[in-house]
Amino acid sequence: MSSAEQIKSCCAAAYSSDAVALLLGDSYHPGGAILTRKLATLLELSPGQRVADIASGPGATARLLATEFAVTVEGVDIAAPVVPRAQEAAARMGLTAEVRFHVGDSEALPFPDNTFDAVVTECAYCTFPDKVGAATEFTRVLQPGGRLGLADVTIADTGLPDELTTISAWVVCIADARPLTRYIDILTDAGLHVTHTESHDEALARMIDQIEARLNLARMAFPQVLTEAGIDADAALGYIDIARRAVIDGLIGFALVVAHNP
Ligand SMILES: C[S@@+](CC[C@H](N)C(=O)[O-])C[C@H]1O[C@@H](n2cnc3c(N)ncnc32)[C@H](O)[C@@H]1O
């Protein structure tokens, strides 16, 4: 198995697990609905537009965009078990016509060229092994004049401490994150024009605190869920401390990026 396949398979397994749902809640990115709303507003979404949510996870973003911005959304995620769960959650909200989910890989999107008014991808691009390939796919499926909204973990130019470069760190969105300037370069090389960026490092710090609180609760109330997912709570809490220190030291952060397809 190539390392790229191994990483994708680890991501798919991790994000399908009950433990991740327990630790992250409904939204698997820093800032939750607040930053999704902010990104959607920056994208100037208008009613009836078509949006792709790449790496849509549990589907909270797709549901929010459909209900609050009156767009239709096609979600794609590599973790096959999360796709029917996301579809069922949308159906419970009466959104079967507006929101659909597909199993797929960000590096080979299951859509024709020039399909979408906007593409969003939140806290996932950092995990894609072929970032250039994924950016090329975003450009391909966007209509001319379409917009990309990317929300992701960023790192300092100086790189990361060794503890944050493991495969587990890759899956939790840290090890293969890039400096903001590098994301801009990759998107520009893929033919997009970056028009806006903003930092939200505080949202990452809050998410780390939230995961720590949920982990402490889970180890008391649902230890079997952690065991089934192969999570050692003590090791995870140590890892959380390292990640928190990295945010405080400015080594990792979180940013929104908006780009236009000319
Ligand atoms: C941190 S979660 C974010 C989920 C969602 N965007 C959100 O913010 O709630 C990362 C997601 O990326 C998905 N993913 C990872 N690699 C992928 C790939 N190559 N193609 C599509 N989805 C992928 C995972 O299965 C997971 O659902």
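**Cavity, pocket and helix packing**

User: What classes of residue line the largest cavity?

Analyst: Its lining holds 15 nonpolar, nine polar and seven charged residues. Here Ala, Val, Leu, Ile, Met, Phe, Trp, Tyr, Cys and Pro count as nonpolar, Asp, Glu, Lys and Arg as charged, and the others, Gly among them, as polar. Please keep in mind that this is a predicted model, in which local features need pLDDT of at least 70, side-chain atom pairs count only at pLDDT 80 or more, and totals for chains, interfaces and linings use all residues. Residues are numbered from 1 along each chain as its sequence is written, and side-chain values use heavy atoms, leaving out hydrogens and water.

User: What makes a space a cavity and not a pocket?

Analyst: On a 1 Å grid over the protein atoms alone, a cavity is a set of points where a 1.4 Å probe fits but cannot get out, whereas a pocket is an open set with protein on both sides within 12 Å along at least five of seven lines. The whole structure has one cavity of 30 Å³ or more. The largest cavity holds about 420 Å³, the volume being the space filled by probe spheres set on the points, which are joined across faces, edges and corners. The largest pocket holds about 990 Å³.

User: Which residues lie nearest the centre of the largest cavity, and which nearest that of the largest pocket?

Analyst: For the cavity they are A55, G57, D77, C123 and A124, out of 31 lining residues (each with an atom within 4 Å of a point). For the pocket, with 33 lining residues, they are V20, S168, V171, V172 and Y239. The pocket lining has 28 nonpolar, four polar and one charged residues.

User: Why is helix 9 (201-221) called roughly antiparallel to helix 11 (233-248)?

Analyst: Their axes, lines fitted to C-alpha atoms over the stretch in contact, cross at roughly 165 degrees and come within 10 Å. Angles run from 0 to 180 degrees between N-to-C directions, and those over 145 count as roughly antiparallel, so helix 9 and helix 11 qualify. The residues of their contact (heavy atoms within 4.5 Å) divide into 11 nonpolar, one polar and seven charged.

User: And why are helix 3 and helix 4 called oblique?

Analyst: Helix 3 (residues 32-42) and helix 4 pack at about 55 degrees, with axes 10 Å apart. Under 35 degrees would be roughly parallel and 65 to 115 roughly perpendicular, while the rest is oblique, so this pair is oblique.

Conventions: Helix = DSSP H or I, 4+ residues; strand = E, 2+ residues; numbered from the N terminus.
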